[in-house]
Amino acid sequence: MAWGKCAMATELDTIFDVIERHRELSAQHAAAASVSSKLVAGPEFDAADAISEERGVALEEYADVLIHSKPTTLAGVIALSRYVASLPAWLLSDENDWHQSFLRTLADAVDEISVR
């Protein structure tokens, strides 16, 4: 029964969708960068580089969504913490104090979860 509750809680926490979207954007950016890195200067490189740049911008913008999203379950807090901890620094926000916002959001989430 406890597993069912955990699975249900996981399904209801949209943080898993946020993490998955960040993974997708990261993979799309890596794939585009891989293509452009194999090309030499010229129109094909320019086109591939433009796509890589667009995907990089989308990934940067979504990093802010990732670090400011609040999990609604303990499983979500754990998953988000582990996911962010696994990322290289360049995949996170350009904000100098992003970690403060991230930790404050996590603490708020834990507070809210603990009173339910």
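My entries below go from the core to the aromatic rings and then to the salt bridges.

**Core.** I kept in mind that this is a predicted model. I started with the largest nonpolar core, which has 20 residues. Leu66, Leu80, Val84, Leu92 and Phe102 touch the most other members. I then looked up which elements give two or more residues to this core, and found α2 (15–37), α3 (43–68), α4 (74–86) and α5 (98–114). The largest share, five residues, comes from α5.

**Phe102.** I followed this residue further. Leaving out residues up to four places away in sequence, Phe102 touches Ile67, Leu80, Ser81 and Val84.

**Aromatic rings.** How many aromatic pairs does a search of the whole structure find? I got one. The ring centres of Trp98 and Phe102 are 6.1 Å apart and their planes are at 55 degrees, so I noted the pair as tilted. Trp98 and Phe102 are four residues apart in helix α5, so about one helical turn separates them. Both Trp98 and Phe102 are buried.

**Salt bridges.** I found three. In helix α2, Arg23 pairs with Glu20, with the closest N and O atoms 3.9 Å apart. Arg21 pairs with Glu24, and here the closest N and O atoms are 3.4 Å apart. Arg21 and Glu24 are three residues apart in helix α2.

Lys70 pairs with Glu112 at 2.8 Å between the closest N and O atoms. This pair links distant parts of the chain, 42 residues apart: Lys70 is in the loop between α3 and α4, and Glu112 is in helix α5. Lys70 counts as partly exposed at 34% relative accessibility, and Glu112 is partly exposed at 39%.

Notes:
Residues numbered from 1 in each chain as written. Predicted model: local features only at pLDDT ≥ 70, side-chain atom pairs only at ≥ 80, totals over all residues. Heavy atoms only, no water. Core = buried A, V, L, I, M, F, W, Y, C linked by side-chain atoms within 4.5 Å. Buried < 20%, exposed > 50% of the residue type's maximum accessible area, 1.4 Å probe, protein only. Contact = heavy atoms within 4.5 Å. Phe/Tyr/Trp six-rings, centres within 6.5 Å; stacked < 30°, edge-to-face > 60°. Salt bridge = Lys/Arg side-chain N within 4 Å of Asp/Glu carboxyl O.
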